[in-house]
Amino acid sequence: MKYTAAHWGAYQFGDDGVLRPLQDDPQPSRVGEGWRSASLHAASRVLTPVARKGWLNGDKGGARCNDSFVAISWDKATELAATELQRVHAAHGSQAIFGGSYGWSSAGRFHHAQSQMRRMLALSGGFTSSRETYSHAAAEVLFPHLLGLSNRAFQDDMPAMPLVAEHCDVLLAFGGISSRTAQIASAGTSRHEVGSWLQHLHEKGCRVITISPERGEALGEWWPIRPGTDTALMLALIHETVAEGREDKAFLTRCTSGWDSLRDYVMGMSDGVPKTADWAAAICDLPAPDIRALAKALPGKASLVSLAWGMQRADHGEQPLMAGLALACALGQIGKPGTGFAFGYGSTAPVGRAARLIPWPSLPKVLNPVSDYIPVARIADALLHPGEPYAYNGTTRRYPDLKLVWWCGGNPFHHHQDLTRLEQAWARPETVIVNEHHWTATARRADLVLPATTALERDDLMMNRRDPTLIYMSQNHAPLGQARDDFDIFADIAEALGLRNAFTEGRDAEGWIRRLWTQAEEVAEHAGFSLPDFDAFRSEGRFDVPDANEERTAFADFVKDPERSPLTTESGKLTLTNETIADMGLSDCPGHATWLPPVEGAPLEDGAFHLISGQPSTRLHGQNDTGETSRAAKIRDREVARLHPGAAARLGVVDGDAVKLSNSRGACLCAVALEPAMRADCISLPTGAWYDVQTIDGQRLEVHGNPNVLTRDKGCSALSQGNIAHTCVVRVERWDKPLPPLTVTRQPKID
């Protein structure tokens, strides 16, 4: 029996190649059910190196999104890639090259596409990079100001869910906590526990209040809040607590700074608008008596304020984070076991896991000679506005003039917003090179496409510092067509540049994997246990770390003695009014939590719907969309949107109908499934259906159900420049015309 692993789980397989989840995984992921079939789906796989026909003939981008390809040899592809890299370095400088690897290409420690690409580009002279993530950029920029911790460090120390079940009386789950979104982990996961955690909380008698437009998996109470208004509810809970004189004054004095300014705002002394329950009720569409009752129930209770990652992927996305922290501080429960403030429960598998953190090795980085970067979600802005200024975290920066985009291990035509705008931007650079195993929309819009292997076609190591199991990832099936590992692709390009030895350090892929295991043995020895030797581990396929559970409590030392254990914030305390941010003078991100109406949707026009575009249950983002599980879940080959029966009746829509969603940015087709446990002014369309835009009756129409043709491409504020995918309003109408056949599930035209 052999093993392999992915972002969505770990698996065993025998001679038949069929993947079977680990027997001790309590709730195996649905995503994995479609993994092997997607990898073997030859109709959507890149099987040979290709170059865009127009690019070979001198076109520098104009026809990039509407052209055919020419099959070429690997030798020719390597030569073209190396020559183009040298040309752009010489003609425009290294900052004109964008290393655009962003995505979840592999859970393997060695075959990590971003690491491989950045290593080669750094050695060749450097490149412009990106910062933060689409998942939680607002938190990544904000938390060092508020908490003195990075987002990663905070999530490492958050209360473990077993501690929450043991100690917490009231859990406020803003955005919900879902085992659906917790199917995944960036470095792989051996088990899925969130569903059992939620059940345990329920059985222990914890009062769980899910505050979300959709009920989801809520086992307790469900508050169907209007999308984008959570900040107002949090401010009202603070107001009602202060009005009763029940805020934890001792905690606020000892452990926070800026409380007085925030209190004056909440109570209406600074702007004349008290943030009462009645004030919030009108904004949030929730009953004011319920808000007041909850505010009365919270003080003195062991409470936890939890926010899902999706909360801050919205206009002014920093504000719910600021307000959630302020509410937790007013209740004084931070620093105690299982209570306080949390961010990301249910967003990925390891968040909330009682895990011993072990710093396993990874591919060594090479210093990038170029210091320039862009916030990750600002790629279209950078391509459309080279040289123009933009604000970011208290600085004014300028977008670089990007001439060559190299994308590896990701698909921006899945995860970016306003894909019509991105398509316009995508025509601007002189060259786009893509390493890819499937014909994603990004690969179809490249000049040079280099066929890469999937994780099932190579050996690797799963070593997640927050997972108790190490997996030797054995090859499951032979590479399709001429696909090659990214390491081998870049090694040959490095050789053409005279850099092979610097890139490979004289090792092949197995040599690197062995080196990583040797380093892992040293890490384990330092941690007090021993790993088997490499060959034994490869044969066995799995190793479980002993004594892997470790429960932590964020800010425990600080709360015990703030003077002896100060935070690295401006005040050494949790900042409820951050003077550094306030001094930036940002109208869209003040120094303390503030209710700021979103750019669209407040108020909602008659007949319009809030679009919710969360993660699907059948694939990871766009990965495995051609797999059996994702395809089987669609209706008439379209992605399925959930719609309240009352809204459907008003639209004349029944279960299974096709509908068109539209706004000023674009339009898409999808199917409808009726869902009573959601707000009637919302429609929920998961992300990840492969972008398939066609011209129907003279209109450009995305025909597969990709919501990012509708979402707005705007930074959530001038502080973080994170994306605002969840601030989106659409119109919905029944589609009575024939559904056009999909084009994304078959090979493009290749001469």
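User: Let's start with Ser150. Where in the chain does Ser150 sit?

Analyst: Placing a residue starts with the elements on either side. Ser150 falls in the loop between α5 (137–146) and α6 (151–157). Keep in mind that this is a predicted model.

User: Is Ser150 buried, partly exposed or exposed?

Analyst: For that we look at relative accessible area, where under 20% is buried and over 50% is exposed. Ser150 has 37%, so it counts as partly exposed.

User: How much of the chain is buried, and what is the surface made of?

Analyst: Of the 751 residues, 64% count as buried. The accessible surface comes to about 26200 Å², and carbon and sulfur atoms account for 48% of it.

User: What share of the contacts joins residues at least 24 apart in sequence?

Analyst: Taking contacts between residues at least 6 apart in sequence, 75% of them join residues at least 24 apart. As for secondary structure, the chain has 26 helices and 31 strands.

User: Which strands make up the open sheet with β1 in it?

Analyst: Read a sheet by its strand order, then by the direction of pairing. Here the order is β1-β2-β3, with antiparallel pairing. β1 (2–6) and β3 (20–21) are the edge strands, each pairing on one side only.

User: How are β1 and β2 connected?

Analyst: A hairpin links them through two residues. The two strands pair in the antiparallel sense over five bridges, and Lys2 stands opposite Phe13 in β2. β1 is mostly covered, with four of its five residues buried.

User: How many bridges join β2 to β3?

Analyst: Two bridges connect β2 (residues 9–13) with β3, and these strands run antiparallel. Across that pairing, Gln12 stands opposite Arg20 in β3.

User: Now β12. Why is β12 described as largely enclosed?

Analyst: Count the buried residues in the element. In β12 (residues 303–307), five of the five are buried, so the strand is largely enclosed by the rest of the structure. Ser303, Val305 and Leu307 point one way, Leu304 and Ser306 the other, and all are buried.

User: What does β12 pair with?

Analyst: β8 (residues 170–174) pairs with β12 in the parallel sense over five bridges, and Leu172 stands opposite Val305. β12 also pairs with β13 (residues 340–343), again in the parallel sense, over four bridges. There, Ser306 stands opposite Ala342.

User: Which helix belongs to the β-α-β unit with β12 and β13?

Analyst: That is α14 (residues 318–331), and the unit is right-handed.

User: Can we do a helix too? How many residues of α17 are buried?

Analyst: First, a general point: an α-helix has 3.6 residues a turn, so residues three or four places apart point the same way. In α17 (residues 419–426), six of the eight residues are buried, so the helix is largely enclosed by the rest of the structure. Those buried residues are Leu419, Arg421, Leu422, Glu423, Ala425 and Trp426.

User: What about His610: which element holds it, and which residues does it touch?

Analyst: His610 lies in β24 (residues 608–612) and counts as buried at 6% relative accessibility. Leaving out residues up to four places away in sequence, His610 touches Arg226, Pro227, Gly601, Leu604, Asp681, Cys682, Ile683, Cys728 and Val729.

User: Last one, cysteines. How many disulfides are there?

Analyst: The test is the distance between two cysteine sulfurs, which has to be within 2.5 Å. A search of the whole structure finds zero disulfides. The sulfur of Cys65 is 19 Å from the closest cysteine sulfur, in Cys668, which is too far for a bond. Cys255 is in no disulfide either, as the nearest cysteine sulfur, in Cys329, is 7.9 Å away.

User: Are Cys65 and Cys255 buried or partly exposed?

Analyst: Cys65 counts as partly exposed at 26% relative accessibility, while Cys255 counts as buried at 0%.

Methods
Residues numbered from 1 in each chain as written. Predicted model: local features only at pLDDT ≥ 70, side-chain atom pairs only at ≥ 80, totals over all residues. Heavy atoms only, no water. Buried < 20%, exposed > 50% of the residue type's maximum accessible area, 1.4 Å probe, protein only. Pairing = 2+ DSSP bridges. Contact = heavy atoms within 4.5 Å. Areas by Shrake-Rupley, 256 points an atom, 1.4 Å probe, with all protein chains shown as cover. Right-handed = clockwise from strand over helix to strand, strands pointing away.
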